[in-house]
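User: I would like to learn how to read a protein structure feature by feature. Could you take me through one?

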Amino acid sequence: MAEPDRAGSGGRGPRPGIRPVTERTHVTTAELFFDLVFVVAFLQVTTRMSDEARLLNVLQGILLLTTLWWSWSLFAWLGNRANANYGLSRLALLTATPIMFVLSVSIPEAFTDRPGGVYMPFVFVAGFVLVRAIYLALRIYASPGLRRRDLAALTVPMLVAVGLLTAAAALPLTGLDTGRVGIGQVTLWAVAAVVDYAFGMALPIGDRRIFSVRHWTERHNLIVIVAIGEVLVAIGLAGAHLPGTLGLLIASALAVAVAGSIEWIYFDLSALAGESALYAADPARRAGLGRDGYSYLHLPMITGVILLALGLKHVPSLVGDEAAYRRGDPLDDLGRYGMYGGVALFLLAHAAFQWRLSPRIGTIIWPRLTAAAVLLATIPVTTRISALRALMWLAVVCLVTAVAEFVVSRPQRRRLRSTLLEEAEAAWPPADDADQPGSAPF
């Protein structure tokens, strides 16, 4: 993450309109409002991937999600530096929110424009540029004393990404055949993502800082809830105009059981372990853990949840294909790889997250690894069983995994809950009226 830490260097205080984040800072209402846009964005990505059920569409959806995640992550780092409920930070975030919403609305046509209206691939790029520019302007203003290397780390990846995405948006206008355009666009988007993420990995850890552990972990916990909520939204929208058949009711309940198991697995132990590890780490190591465990490893977790939502869109009883349900038709390829592969990806990324942040309790990840292996090995079997039965077995595996981790991690959970409270209280300075509820936001 291109987040050089030079705020307040040379003894300078915060600039007018900026309130620094302290360990007492929590996620703000402005950030919650910004994150609500990602409910729409995630839903649009899922819809984009389900169009025509082609591999190219899935790759495009993953690239869209990767680009959106990077923009979200930049604001997560910024919100951990400058209080987003105060002054210029609040104004910048509230300005970026409608732009991000327009960007999300343009997702279905981010690669290929539909006839009529404005050329939407350019609209997406324009939204991307504006959101990144708002971030960049506030980031530079909030950090007096930035060096040339810091400015380059902030601006170069943005400029490269803008150029590559603009070229990808212009490809359909060149007259090339559809196949070459699709491959060219995916390649350009992939290179743009690699540049952004490579710059984030190459920047020295000493140039970053997490100012509030509680804010940092809360922000990522909430975006995971937003992604899981997208699964529930997808189920609700799919069945909104369908008759209340037995198949619809059973499939809906099973899908919610899978989503609930994912929530349980994420929050039961690893969220506590991650927060405790950040509190216990020195500033340099804390920044490295925040980058690797949250900015990077949360992306495959979110991707896995979105792929799960994509797979659920291919369960016949959830989309009103009553004939296929009664015949006991199996899932199509996109459905089985989306549901089983998506959950397996989430479990593997979540195991890596816990191992990176808290290797001392890494042995407890074995239920997740076992479940991921079972799901991947079971994908071929789903070609011979009904879609509803495949969903049922997915729910069983997820629930058993959640219960197994709950049982084997009980001693560690108790210890983490007690020590986490002590670490948080030790890290918090005396109460500051500026951080208390009801303080003036401007």
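User: In which helix is the place of Val186?

Analyst: Please keep in mind that this is a predicted model. Val186 has its place in helix α6, which covers residues 178–202.

User: Is Val186 buried or exposed?

Analyst: The general idea is to compare the relative accessible area with a cut-off, and buried means under 20%. Val186 has a relative accessible area of 15%, so this residue is buried.

User: What does Val186 touch, once residues up to four places away in sequence are not counted?

Analyst: Val186 touches Leu56, Gln60 and Leu63. A distance can also be read between C-alpha atoms: Val186 and Ala168 are 18 residues apart in sequence and 8.0 Å apart in space.

User: Where is Ala161, and is it buried or exposed?

Analyst: Ala161 lies in helix α5, residues 148–170. Its relative accessible area is 1%, and therefore Ala161 is buried. Leaving aside neighbours within four places in sequence, Ala161 is in contact with Phe128, Ala192 and Asp196. The C-alpha atoms of Ala161 and Val195 are separated by 7.3 Å, although the two residues are 34 residues apart along the chain.

User: How do I read the chain as a whole? How many helices and strands does it have?

Analyst: The secondary structure comes to 16 helices and zero strands. Of the 442 residues, 55% count as buried. The chain exposes about 17,800 Å², and carbon and sulfur atoms supply 67% of that area.

User: How much of the contact in the chain is between residues 24 or more positions apart?

Analyst: Among the contacts with a separation of 6 or more, residues 24 or more positions apart account for 85%.

User: Which residues touch the most other members of the largest nonpolar core?

Analyst: A nonpolar core is read as a set of buried residues joined through their side-chain atoms. The largest one here has 119 residues, and Phe38, Leu312 and Leu394 touch the most other members. A second, separate core has five residues, including Leu269, Leu272, Ala273 and Ile364.

User: What is Leu312 in contact with, leaving aside its neighbours within four places in sequence?

Analyst: Leu312 is in contact with Val231, Ile235, Ala255, Leu318, Met339 and Leu391.

User: How many cavities of 30 Å³ or more does the structure hold?

Analyst: Rolling a probe the size of a water molecule over the atoms shows where empty space is left. The structure holds three cavities of 30 Å³ or more. The largest cavity has a volume of about 80 Å³.

User: Which residues line the largest cavity?

Analyst: The lining is made of Glu31, Phe75, Leu78, Gly79, Ala82, Ala84, Ser89, Ala92, Leu93, Leu138 and Arg219. The elements that give two or more residues to this lining are α2 and α3 (87–105). By class, the lining has seven nonpolar, two polar and two charged residues.

Key. Residues are numbered from 1 along each chain as its sequence is written. This is a predicted model: local features need pLDDT of at least 70, side-chain atom pairs count only at pLDDT 80 or more; totals for chains, interfaces and linings use all residues. Side-chain values use heavy atoms; hydrogens and water are left out. A nonpolar core is a set of buried Ala, Val, Leu, Ile, Met, Phe, Trp, Tyr and Cys residues joined through side-chain atoms within 4.5 Å. Buried means under 20% relative accessible area, exposed over 50%, partly exposed in between (1.4 Å probe, protein chains only). Contact means heavy atoms within 4.5 Å. On a 1 Å grid over the protein atoms alone, a cavity is a set of points where a 1.4 Å probe fits but cannot get out, and a pocket is an open set with protein on both sides within 12 Å along at least five of seven lines; lining residues have an atom within 4 Å of a point. Grid points are joined across faces, edges and corners, and a volume is the space filled by probe spheres set on the points. Helices (H or I, at least four residues) and strands (E, at least two) are DSSP runs, numbered from the N terminus. Ala, Val, Leu, Ile, Met, Phe, Trp, Tyr, Cys and Pro count as nonpolar, Asp, Glu, Lys and Arg as charged, and the others, Gly among them, as polar. Accessible areas come from the Shrake-Rupley method with a 1.4 Å probe; for residues, only the protein chains shown count as cover.
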